[in-house]
Amino acid sequence: MSRMRSPLLDRPGAVEADGLDAGVAAHYGSDLREQRALVAGEAFVDLSHRDVVTITGPDRLTWLHALTTQYFEGLKPGTSTTALLLSPTGHVEHVMYGVDDGETFWLHTEPGAAAALVEWLQKMVFMSRVEIADVTDDYAIIWRPGAPEGEHLTRSGDDSLGGHEVFLPRAELAGLEGAAAGIWAYEALRIEAGAPRFGLDTDERAIPNELGWLGVGVHLEKGCYRGQETVARVHNLGRPPRRIVRLLLDGSVDHLPAHGYAVRVGDKQVGVIGSAARHHELGPIALALIKRNVDPSAVLEIVAEDQPTVTATQELLVDPEAGLHVRARL
């Protein structure tokens, strides 16, 4: 499915994002001003580049319950949820965010990820009464700060950024009223919240315990699902191989570290940069996946060829010993 260009890119000042976020605005003139507007509840974010999938049928929730890391049985309409699909060895293969409206489970995932997700789900239908459809051509996502207030189509509840997502017909994007904020502003708030993004802050070896997804995308009291043995073992024994951290960068250079830049302690590489942004209050910040045994008080260095070295301090998101999410206690 080809990437579609958002009509909101025709708004004054819009500058298109690149890479994974191509198709929507990076900003509309000032990403720092747009961040402040989001914090004040005075803007929305165009996420129409993300893929949208629907799952219908009377067995949809019990079927998702059996396949994913999340507890879907009894999920009430309007309740948002995050769910993961794992490999047999517990590595994260898909991340989906969604909400059920009583008849359909609406989910969204990373740009370009729907085709592989739908293909895998179709193979798992067997005798279940479910129907799966990639509806990215017809529906889009926007994000609004605060609690939902009567949007006419399915919306999620509060997420880790303190807002909600709305699924709406793609044809209605151009007519949206109000101030828009670009994806750079949204990403800065996401990184501040310590919420990892699949494919940017993860790799093919990532397990949920490393990323703070226990209790968020993984229900620790549900029954069997693919990859559960790895998740349970690391949860019970503690000490996941790696841990995600939020980094406060020293701000001494005018560029942000790019995805994949090396993170070092002295001359030893201990991890890599995932995503980075400029925050309106914190300055340059980033998420990095580093080795579990790195001293939490150690000053890290971010290194790339032909670029000045940037130093950074760590803020814990995952307990180095237990692997449990600690963001709420920060």
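Contact here means heavy atoms within 4.5 Å of each other. By that rule, and not counting residues up to four places away in sequence, Tyr186 touches Leu38, Val45, Leu47, Trp143, Leu161 and Glu165.

A word on the ground rules. This is a predicted model, with residues numbered from 1 along each chain as its sequence is written; local features need pLDDT of at least 70, side-chain atom pairs count only at pLDDT 80 or more, and totals for chains, interfaces and linings use all residues. Side-chain values use heavy atoms, with hydrogens and water left out.

Buried means under 20% relative accessible area and exposed over 50%, with partly exposed in between (1.4 Å probe, protein chains only). Helices (H or I, at least four residues) and strands (E, at least two) are DSSP runs, numbered from the N terminus.

Beyond its neighbours within four places in sequence, Ile183 is in contact with Ala17, Asp21, Val24, Ala25, Ala26, Leu47 and His49.

Helix 2 (residues 60-67) is mostly covered, with six of its eight residues buried: Arg60, Leu61, Trp63, Leu64, His65 and Leu67. The cover includes strand 4 (51-56), strand 5, strand 6 (92-100), strand 7 (104-109), helix 3 (114-123) and strand 8 (131-134).

In helix 5 (residues 228-237), the buried residues are Thr230, Val231 and Val234. They lie on the same side of helix 5 because they cover an arc of only 100° around the axis (taken from the directions from the helix axis to the C-beta atoms). These buried residues pack against strand 5 (80-86), while Glu229, Asn236 and Leu237 are exposed on the other side. Just after helix 5 comes Gly238, with a positive phi of about 75°.

On a 1 Å grid over the protein atoms alone, a cavity is a set of points where a 1.4 Å probe fits but cannot get out; a pocket is an open set with protein on both sides within 12 Å along at least five of seven lines, and lining residues have an atom within 4 Å of a point. Grid points are joined across faces, edges and corners, and a volume is the space filled by probe spheres set on the points. In the lining classes, Ala, Val, Leu, Ile, Met, Phe, Trp, Tyr, Cys and Pro count as nonpolar, Asp, Glu, Lys and Arg as charged, and the others, Gly among them, as polar.

| Space | Volume | Lining by class |
|---|---|---|
| Largest cavity | about 50 Å³ | six nonpolar, three polar, two charged residues |
| Largest pocket | about 580 Å³ | eleven nonpolar, three polar, seven charged residues |

The whole structure has one cavity of 30 Å³ or more. Its lining includes Leu249, Asp250, His255, Arg278 and Val310. As for the largest pocket, 21 residues line it, and Asp18, Asp21, Trp184, Leu256 and Ala276 lie nearest its centre. Helix 4 turns up here too: helix 4 and strand 14 (268-279) are the elements that give two or more residues to the pocket lining.
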